[in-house]
Amino acid sequence: MSDKDSSTAKSYLDSAIAQGQSALGSLTGSTGDKAEASARKDQAAAEKESSHSVGKLGPLNVTPSGGMSTDDPNRSEGSWNQTLGSAKESVGGLVGSESMKKEGAQQNAEGKGQEAQGQLSDFGSGVSDRVKGAVGGMAAGVTGDREKQEEMRMKHDDAKTKQRSAEADIQKQADA
């Protein structure tokens, strides 16, 4: 990862520094330290938010750091099965067909499981590939292989995108 990229770790470090600076400002009565601490705290919050943001267009995902990924096919197919299942349930209810309602409920439930399977697959491979990218990038840096280092940074960033996309979808469902 390059220094210009936002990261969760950097945001936590900046937040901790801001807390210390704020405490120092309170002890000394320095409004300058308090103001600087407040600005650093706001910057840390923005860095964390940016580090977790994912733009999504269908199964394609992108992050501010330039990482790109596509969703596991089970995520899209599961979502589609949920939509069809819900539609069947509604139509079955309207026309009084218990078998259609039951079939729709089953398809909806299967779609939820399929989507969850895809999310877990993306999350797991994202975490794994992030680690491989970070370790590979460090190894390439030690050996001085700049081309390999850049390749590993891209692998890390793409994997982070995959992981963050899965996290965002999981969180969205948990909040619903």
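User: Which residues make the nonpolar surface patch of about 430 Å²?

Analyst: Happy to start there, with the note that this is a predicted model. Patch members need over 30% relative accessible area, and Val131 has a value of 49%. The nonpolar patch of about 430 Å² is made by Phe123, Val127, Val131, Val135 and Met138.

User: Is Val131 buried, partly exposed or exposed?

Analyst: Val131 lies in helix H4, which covers residues 98-143. Buried means under 20% relative accessible area and exposed means over 50%. Because the relative accessible area of Val131 is 49%, Val131 is partly exposed.

User: In what pattern do the helices and strands follow along the sequence of the protein chain?

Analyst: Good one to trace by eye. The protein chain has five helices and three strands. Read along the sequence, these elements give α-α-β-β-β-α-α-α.

User: How many contacts does the stretch of residues 1-5 have beyond near neighbours in sequence?

Analyst: Confidence is worth a glance here. The average pLDDT of the protein chain is 85, and 86% of the residues score at least 70. Over residues 1-5, however, the pLDDT is below 50, and the number of contacts this stretch has in the model beyond near neighbours in sequence is eight.

Terms used
Residues numbered from 1 in each chain as written. Predicted model: local features only at pLDDT ≥ 70, side-chain atom pairs only at ≥ 80, totals over all residues. Heavy atoms only, no water. Patch = residues over 30% accessible without salt bridge, like charges linked within 9 Å, V, L, I, M, F, W, Y side chains within 5 Å. Areas by Shrake-Rupley, 256 points an atom, 1.4 Å probe, with all protein chains shown as cover. Salt bridge = Lys/Arg side-chain N within 4 Å of Asp/Glu carboxyl O. Helix = DSSP H or I, 4+ residues; strand = E, 2+ residues; numbered from the N terminus. Buried < 20%, exposed > 50% of the residue type's maximum accessible area, 1.4 Å probe, protein only. pLDDT = per-residue confidence, 0-100. Contact = heavy atoms within 4.5 Å.
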